[in-house]
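Visitor: I am new to this structure and would like to discuss its charged side chains. May we look at it together?
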Amino acid sequence: MSVETIEKPSTTRKLAPRYRVLLHNDDYNSMEYVVQVLMTTVPSITQPQAVSIMMEAHSNGLALVITCALEHAEFYCETLKSHGLSSTIEPDE
């Protein structure tokens, strides 16, 4: 009687690549409006975080809103754009 060893394929999970949602400064929208849009677009963002993101974009021209999976990043970016804000996504390295 012989015994065969069956090798099981590796079950390690590969993490999905993450993407950064970036907010660009603009001279059109009020600071209060930008804060409100950030909080309604990304539910996990609190008012102090939204103010901080808005101020960073205002001061530096660009701010990180959130890092997440591609589908969520695309959704957040498009939602920000639909509210008149300038936003892009890029891979998180």
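This is a predicted model: local features need pLDDT of at least 70, side-chain atom pairs count only at pLDDT 80 or more; totals for chains, interfaces and linings use all residues.

Visitor: What does Glu90 pair with?
Guide: Glu90 forms a salt bridge with Arg20, at 3.4 Å from N to O. Arg20 belongs to strand 1 (residues 18-24) and Glu90 to strand 3 (residues 86-91), so this pair ties together parts that are 70 residues apart in sequence.

Visitor: And which residue forms a salt bridge with Arg20 at 3.5 Å?
Guide: That residue is Asp92; the 3.5 Å separates the closest N and O atoms. Asp92 lies in the segment after strand 3 and Arg20 in strand 1, so the pair ties together parts that are 72 residues apart in sequence.

Visitor: How accessible are these residues?
Guide: Arg20 is partly exposed, with a relative accessible area of 23%. Glu90 is also partly exposed, at 30%, and Asp92 is partly exposed at 36%.

Visitor: Let us change topic. Where do Lys81 and Glu78 sit?
Guide: Both are in helix 3 (residues 70-82), three residues apart, which means about one helical turn separates them. Lys81 is partly exposed at 41% relative accessibility, and Glu78 is partly exposed at 48%.

Visitor: Which residues do shared partners join into one network?
Guide: Arg20, Glu90 and Asp92 are joined in this way.

Definitions and conventions
Residues are numbered from 1 along each chain as its sequence is written. Side-chain values use heavy atoms; hydrogens and water are left out. A salt bridge is a side-chain nitrogen of Lys or Arg within 4 Å of a carboxyl oxygen of Asp or Glu. Helices (H or I, at least four residues) and strands (E, at least two) are DSSP runs, numbered from the N terminus. Buried means under 20% relative accessible area, exposed over 50%, partly exposed in between (1.4 Å probe, protein chains only).
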